[in-house]
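Welcome, and please take a moment to look over the sequence and the 3D view. The briefing below walks through a few features of this structure.

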Amino acid sequence: MIIISDTSALSCLAELGELDLLRQLYGSVTITATVQREALQAGAPVALQQFVATPQAWLTVVADVQPYLPETSALDPGEASAITLAWQHRASSLLIMDEKRGRRVSAALGLRITGAAGVLTDAAAAGLIEFEAVFQRLALTKFRLAAPVVEILRQRYRANAVPPTT
């Protein structure tokens, strides 16, 4: 399976200091050159800029697939490039994206998608982080989730949590 991320999810995880969860959950993550450029722009979290400037072995940066899918024409270039790459690998890809418009396009294309909150929920279920603590930290960032969405994620976490070993 190829795990592809857009800039927004990386930015959120960087702000929380939780980028390594991607490695722990998936082993490797792929981003496009456009996503890398976006992550290096002023205004991106410093941790994200440092991360993509000198990627670790588990982060792969690939050239953009051209042309982008026509369905992505109204999206920003990072989203368009990530969706197009995921479409190219649609039989075995998971796209990590948070923007609503990008997620709608991805869903319409039948792509498997998750977001930063989904990554955090899966990491909590795997016992890598504590669900309530990380979502409290997330609430202190500019990332916003509606209370009903957090409750759905909490229920998903509880249903999938690995029982602690004693």
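Predicted model: local features only at pLDDT ≥ 70, side-chain atom pairs only at ≥ 80, totals over all residues.

Residues are numbered from 1 along each chain as its sequence is written, and side-chain values use heavy atoms, with hydrogens and water left out.

**Salt bridges**

- Side chains of opposite charge can pair when their charged atoms come close.
- There are five salt bridges in the structure (a side-chain nitrogen of Lys or Arg within 4 Å of a carboxyl oxygen of Asp or Glu).
- One of them joins Asp 20 to Arg 23, with 2.7 Å from N to O.
- Both Asp 20 and Arg 23 belong to helix H2 (residues 20–26), where three residues, about one turn of the helix, separate them; helices here are DSSP runs of H or I with at least four residues, numbered from the N terminus.
- Asp 20 is partly exposed at a relative accessible area of 30%, and Arg 23 is partly exposed at 36% (buried means under 20% relative accessible area, exposed over 50%, and partly exposed in between, with a 1.4 Å probe and protein chains only).
- Asp 122 pairs with Arg 156 in a salt bridge, their closest N and O atoms lying 2.7 Å apart.
- Because Asp 122 sits in helix H7 (residues 116–125) and Arg 156 in helix H9 (residues 147–160), this pair ties together parts that are 34 residues apart in sequence.
- Asp 122 is partly exposed, with 30% relative accessible area, and Arg 156 is partly exposed as well, at 31%.
- Glu 151 and Arg 154 form a salt bridge too, again with 2.7 Å between the closest N and O atoms.
- Glu 151 and Arg 154 are three residues apart in helix H9, about one helical turn.
- Glu 151 is partly exposed at 30%, whereas Arg 154 counts as buried at 17%.
- A network of salt bridges links Glu 132, Glu 151 and Arg 154.

**A look at Ala 47**

- Ala 47 is found in helix H4 (residues 46–53) and is partly exposed, at 36% relative accessibility.
- Leaving aside residues up to four places away in sequence, Ala 47 touches Ala 14 and Leu 19 (contact means heavy atoms within 4.5 Å).

- The largest pocket has a volume of about 360 Å³; on a 1 Å grid over the protein atoms alone, where a 1.4 Å probe fits, a pocket is an open set of points with protein on both sides within 12 Å along at least five of seven lines, and lining residues have an atom within 4 Å of a point.
- Its lining has 18 residues, and Asp 98, Arg 103, Phe 143, Leu 145 and Val 149 are the closest to the centre.
- Helix H9 gives the most to this lining, with four residues.
- The lining of the largest pocket divides into nine nonpolar, three polar and six charged residues (Ala, Val, Leu, Ile, Met, Phe, Trp, Tyr, Cys and Pro count as nonpolar, Asp, Glu, Lys and Arg as charged, and the others, Gly among them, as polar).
- The second largest pocket has a volume of about 160 Å³, and its lining residues include Cys 12, Asp 98 and Phe 143.

Notes
Helix = DSSP H or I, 4+ residues; strand = E, 2+ residues; numbered from the N terminus. Points joined across faces, edges and corners; volume = space filled by probe spheres on them.
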